Amino acid sequence: MSPTPTTLTTPAAPPRRAYARLRRKARAHPRLVDAVLAAGVLLCMLASSLTDPHHPDGPTWQAAPPGATGFTLMALGAAALVLRRRAPARCSPRPPPPRSRSWSPATRAPPS
């Protein structure tokens, strides 16, 4: 028995449902999303600190891990991503620049 074309196609609803479920969970637990993002950024920072881009043979891995200061700075940078929702930067917005009034012959004399 040969399969019909309808049995070979996959429905579009399950990926949409999975995406909607993932969005609901992300909205319910935003700090978890930030923690996963921070872990990914920390891994990228660690991987980039273990490479030597200026090697004569091209980019290579180096054997020396980052020092304590370097690792501390990387961890603090990743922790800032987790804490950004709890204490966002409170900057006062700049006031808008004054609006320039365009010259109109009906309202006033031309500027001198």
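A residue counts as buried when its relative accessible area is under 20%, as exposed when that area is over 50%, and as partly exposed in between. These terms are applied below to a predicted model.

**Overall architecture**

The protein chain contains 4 helices and 2 strands. Read from the N terminus, its elements follow the order α-α-α-β-β-α. Of the 112 residues in the chain, 5% are buried.

**The salt bridge**

The whole structure holds 1 salt bridge. Its partners are Arg-84 and Asp-34, whose closest N and O atoms are 3.1 Å apart. Arg-84 belongs to the segment after α4 (68-83) and Asp-34 to helix α3 (residues 30-49), so the pair ties together parts that are 50 residues apart in sequence. Asp-34 is buried because its relative accessibility of 1% falls under 20%, whereas Arg-84, at 40%, is partly exposed.

**The positive patch**

On the surface, a patch of positive charge is formed by Arg-17, Arg-21, Arg-24 and Lys-25. Arg-21 is located in helix α2 (residues 13-28). With a relative accessible area of 44%, Arg-21 is partly exposed.

The table sets out the accessibility of the residues discussed above.

| Residue | Relative accessibility | Class |
|---|---|---|
| Asp-34 | 1% | buried |
| Arg-84 | 40% | partly exposed |
| Arg-21 | 44% | partly exposed |

Conventions:
Residues numbered from 1 in each chain as written. Predicted model: local features only at pLDDT ≥ 70, side-chain atom pairs only at ≥ 80, totals over all residues. Heavy atoms only, no water. Patch = residues over 30% accessible without salt bridge, like charges linked within 9 Å, V, L, I, M, F, W, Y side chains within 5 Å. Areas by Shrake-Rupley, 256 points an atom, 1.4 Å probe, with all protein chains shown as cover. Salt bridge = Lys/Arg side-chain N within 4 Å of Asp/Glu carboxyl O. Lys, Arg positive; Asp, Glu negative; His and termini not counted. Charge placed at Lys NZ, Arg CZ, Asp CG, Glu CD. Buried < 20%, exposed > 50% of the residue type's maximum accessible area, 1.4 Å probe, protein only.
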